[in-house]
Amino acid sequence: MKTLESEFLEKIESHKGMIFKVSKMYVDGKEDREDLFQEIIYQLWKSYQNFEGKSQFSTWLYRVSINTALTFLNKEKKKTDNASLTENIDVQDENSDEKETQLEFFYKAVHELNPVEKALIFLFLEGQSHKEIATNLGITEVNARVKLNRTKEKLQQIIKNYGYEF
């Protein structure tokens with residue numbers, strides 16, 4: 001029989017990619033991402049015993065992860081001054097491939113979105129339907145569709161402003 005801890009660790013292992021993506025979307029810089037990743041794991045563990053299984057584990061994980069990221073972001077904003085967003089972005093070396101470059105521009109642009117827009121893009125990239133996104137964010141399906149389209153347009157415009165298109 002599995003212990004609660006071993007069951008939790010197995011689930012985290014199979015979903016750690018989602019946690020990593022949330023961390024990367026909400027904070028900049030390797031150390032901050034690692035801190036947020038750990039904070040999400042900690043918050044998931046703290047509330048795991050309250051997970052009743054009424055929704056899929058991944059749905060619950062999204063909610064806890066995004067809420068933790070929003071709280072973390074608010075704490076970090078209070079701590080930091082208004083340093084430029086570009087200061088902490090990993091610089092691409094000349095040998096990086098096109099995909100890596102696209103990802104860096106994408107994540108740089110995502111950092112300019114507000115927290116709700118980040119959540120919309122994250123859930124969209126996770127392959128969630130408009131209905132699932134609406135459920136996760138507590139908005140209507142129509143509102144999710146409209147906000148997602150506007151956010152995608154905004155993201156494209158930000159990337160274009162960097163002088164990059166894909």
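This is a predicted model: local features need pLDDT of at least 70, side-chain atom pairs count only at pLDDT 80 or more; totals for chains, interfaces and linings use all residues.

Colleague: How many helices and strands does the chain have?

Modeller: Helices (H or I, at least four residues) and strands (E, at least two) are DSSP runs, numbered from the N terminus. Here there are seven helices and zero strands, so named that the order from the N terminus reads α-α-α-α-α-α-α.

Colleague: Which residues of the largest nonpolar core touch the most other members?

Modeller: A nonpolar core is a set of buried Ala, Val, Leu, Ile, Met, Phe, Trp, Tyr and Cys residues joined through side-chain atoms within 4.5 Å. The largest one has 40 residues, and Met25, Tyr26, Leu44, Phe122 and Leu155 touch the most other members. At least two core residues come from each of α1 (4–26), α2 (30–48), α3 (57–79), α4 (98–110), α5 (115–125), α6 (130–137) and α7 (141–161). The most are given by α3, with nine residues.

Colleague: Which residues does Met25 touch?

Modeller: Contact means heavy atoms within 4.5 Å. Leaving out residues up to four places away in sequence, Met25 touches Phe106, Tyr107, Val110, His111, Lys118, Ile121, Phe122 and Leu125.

Colleague: How many salt bridges does a search of the whole structure find?

Modeller: A salt bridge is a side-chain nitrogen of Lys or Arg within 4 Å of a carboxyl oxygen of Asp or Glu. The search finds six. One of them joins the side chains of Glu13 and Lys16 (2.8 Å, N to O). These two are three residues apart in helix α1, so about one helical turn separates them. Glu13 is partly exposed at 49% relative accessibility, and Lys16 is partly exposed at 39%.

Colleague: Which parts does the pair of Lys21 and Glu126 tie together?

Modeller: The side chains of Lys21 and Glu126 form a salt bridge (3.0 Å, N to O). Lys21 lies in helix α1 and Glu126 in the loop between α5 and α6, so the pair ties together parts 105 residues apart in sequence. Lys24 and Glu104 also meet in a salt bridge (3.9 Å, N to O). Because Lys24 is in helix α1 and Glu104 in helix α4, this pair ties together parts 80 residues apart in sequence.

Colleague: Are Lys24 and Glu104 buried or exposed?

Modeller: Lys24 is buried, and so is Glu104.

Colleague: At what angle do the axes of α6 and α7 cross?

Modeller: Axes are lines fitted to C-alpha atoms, for helices over the stretch in contact, and angles run from 0 to 180 degrees between N-to-C directions. Angles under 35 degrees count as roughly parallel, over 145 as roughly antiparallel, 65 to 115 as roughly perpendicular and the rest as oblique. The axes of α6 and α7 come within 8 Å and cross at roughly 100°, and the two helices are therefore roughly perpendicular. His130, Lys131, Ile133 and Ala134 of α6 meet Glu141, Ala144, Arg145 and Leu148 of α7.

Terms used
Residues are numbered from 1 along each chain as its sequence is written. Side-chain values use heavy atoms; hydrogens and water are left out. Buried means under 20% relative accessible area, exposed over 50%, partly exposed in between (1.4 Å probe, protein chains only).
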